[in-house]
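Welcome! Please keep the structure in view while you read.

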Amino acid sequence: MATWNASSPTASPCSSSRRRTKAPARRPSSESPPPRKMKSMAEIMAKSVRVVVQEEEEEEDEQEVEDSYNDVACEKCGSGEGDDELLLCDKCDKGFHMKCLRPIVVRVPIGPWLCVDCSDQRPVRRLSQKKILHFFRIEKLTDRTDKSESSQEETRKPRRRSCSLTVKKRRRKLLPLVPSEDPERRLTQMGTLATALTALGIKYIDGLNYVPGMAPRSANQSKFEKGGMQVLSKEDLETLEQCQAMCRRGECPPLVVVFDPLEGYTVEADGPIKDLTFIAEYTGDVDYLQNREKDDCDSIMTLLLSEDPSKTLVICPDKYGNISRFINGINNHNPVAKKKQNCKCVRYSIKGECRVLLVATRDISKGERLYYDYNGYEHEYPTHHFL
C-alpha cells in the first residue's frame, strides 16, 4: 500500500505515479521530405525500348528475302514464271522448274533439296558377277540349255484342246516369264537392276516386307478391301510360284534398267514378251496410308483400300524393292502417251492377303519400254508432267 510523504513539497495525494511526457515539437514545413515526383508518360516512352521494333525488323528481313527470290529464274529454261513449280537449291539458291529437271520431279520434295550439281550422288560402278549373285541371293546361275528333265517338266505346261476364240478370251490365264537363254545375258540384266537399286540406296527384296512400327502382317487381309478383291485362281497361283522359283535360280525376266535423262531410271524389254505374261510383283515395305500422306516417295503403291481410311495400306519401295519400282507411268492427260501403256498393275487376293502383280497387256517387243497407269484406282497421282 502506497504512503504519503509530507516532506515532499511537490507530492500530492491526487497526483499519479506516472508522468505524462510532452509531444515532440513538429518540424517546420521546410524540413519535411519533398513529395515523390511522378514521371510523365512521355519521359517513360522516351527511355523505354520498343519490342515491336525487333518484330518489324524481322518482317523487313523476310520481305527482303522474298524480294530477292522474286528475280530467281529457272536455270534450264530461263523463265521465272510458275512460282509454285520452281524449286530452289538449299545450297546454291539456284532455281529449277520441276518439269525442267531431268528426271522430271512430279511432287514438291519434303525437306531440304539439292540440285544435281550440289548433290553428292556418284555413279555406281558396274557390279561383278559375284556381287550380282550375292545381291539377289542366287547360289548359282543356271543354264537353261543344261536343265535337268525334272526342271523341264516343272516349267512345261500341259497342252489344251483348241477351242473357239470367244472361249479363249474368257479363259485367259497368266503366262510364265521366258528368260533369256544366254546366262551371261541374264547376268547383265540383273546387273542393271542391282546398279539402279544401289544408286538409290534400296535393298533388293522379292516380296512384301513388314517392319516393326509400320503396318503388321495381320493388317494385310483381303477381307478388309472395300467392295471385295478378286481372288487369284489356282492355276495363276501356280504360275506365280513357278516364276518366283525361276527368279531365285537366277532365271530373271528379259528386262534391263536404263537411265534416261528425261524419265530417270526406266525399264526396257531385252527380249519379246507375250501378252498376259507375269512381269513382277510389286514389293517393298507395307505401311498405313495415314503414315505416308506427307511422304515424298514417288513410287508408293496402293495395297489395300479399306472402308476405314485408317486401315488402308500402301507399298513403299523407298528402302526395299525390285524392278517394279522402276517401271514408269503414262501421262493421263495426253492421248498419245496413253498409247504407250503395255502393262497393268492388278491387285489380287492370294491366300487371304493382298498382293500387287504387274502383267503385260499386249505383246511387247525387244527394246520397248514398259509403262502402266499410275492412277488405276484413286486417280489422284499427278501425271501431267510425264512424257
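Let us begin with Asp318, which is partly exposed, with a relative accessible area of 26%. Keep in mind that the model is predicted. The side chain of Asp318 meets that of Arg292 in a salt bridge, at 3.1 Å from N to O. Asp318 sits in the loop between strand S10 (313-316) and strand S11 (320-321), while Arg292 sits in the loop between strand S8 (284-288) and strand S9 (301-304), so this pair ties together parts that are 26 residues apart in sequence. Is Arg292 buried or exposed? Arg292 is buried, because its relative accessible area is 10% and buried means under 20%.

**Salt bridges**

The structure holds 12 salt bridges.

| Pair | N to O distance |
|---|---|
| Asp318 and Arg292 | 3.1 Å |
| Glu281 and Arg355 | 2.6 Å |
| Lys351 and Glu241 | 3.7 Å |

Take the pair of Glu281 and Arg355, whose side chains meet in a salt bridge. Glu281 belongs to strand S7 and Arg355 to strand S14, so the pair links parts of the chain that are 74 residues apart in sequence. Glu281 counts as buried, at 4% relative accessibility. Arg355 also counts as buried, at 16% relative accessibility.

Now look at Lys351, which forms a salt bridge with Glu241. Lys351 is found in the loop between S13 and S14, and Glu241 in helix H7 (residues 234-248), so the two residues tie together parts that are 110 residues apart in sequence. Lys351 counts as exposed, at 70% relative accessibility. Glu241, for its part, is partly exposed, with a relative accessible area of 38%.

**A three-stranded sheet**

The strands S7, S14 and S13 deserve a look of their own. In which order do the three strands lie in their open sheet? The order is S7-S14-S13, with antiparallel pairing. Strand S7 (278-281) and strand S13 (343-350) stand at the edges, and each has a single partner strand, so one side of each is left without a neighbour in the sheet. From one strand to the next, the twist averages 35 degrees.

How many bridges join S13 to strand S14? Eight bridges do, and S14 covers residues 353-360, running antiparallel to S13.

**A hairpin and a network**

Another pair of strands to find is S5 and S6, which form a hairpin with three residues between them. Strand S5 (residues 255-260) and strand S6 (residues 264-269) run antiparallel and are joined by six bridges. Asp260 has Gly264 as its bridge partner in S6.

**A nonpolar patch**

Which residues make a nonpolar surface patch of about 320 Å²? Met41, Ile44 and Met45 make this patch. Ile44 is placed in helix H1 (residues 41-47). At 41% relative accessibility, Ile44 counts as partly exposed.

Key. Residues are numbered from 1 along each chain as its sequence is written. This is a predicted model: local features need pLDDT of at least 70, side-chain atom pairs count only at pLDDT 80 or more; totals for chains, interfaces and linings use all residues. Side-chain values use heavy atoms; hydrogens and water are left out. Patches are made of residues with over 30% relative accessible area and no salt bridge: like charges are joined within 9 Å, nonpolar side chains (Val, Leu, Ile, Met, Phe, Trp, Tyr) within 5 Å. Accessible areas come from the Shrake-Rupley method with a 1.4 Å probe; for residues, only the protein chains shown count as cover. A salt bridge is a side-chain nitrogen of Lys or Arg within 4 Å of a carboxyl oxygen of Asp or Glu. Helices (H or I, at least four residues) and strands (E, at least two) are DSSP runs, numbered from the N terminus. Buried means under 20% relative accessible area, exposed over 50%, partly exposed in between (1.4 Å probe, protein chains only). Two strands pair if DSSP finds at least two bridges between them. Axes are lines fitted to C-alpha atoms, for helices over the stretch in contact, and angles run from 0 to 180 degrees between N-to-C directions.
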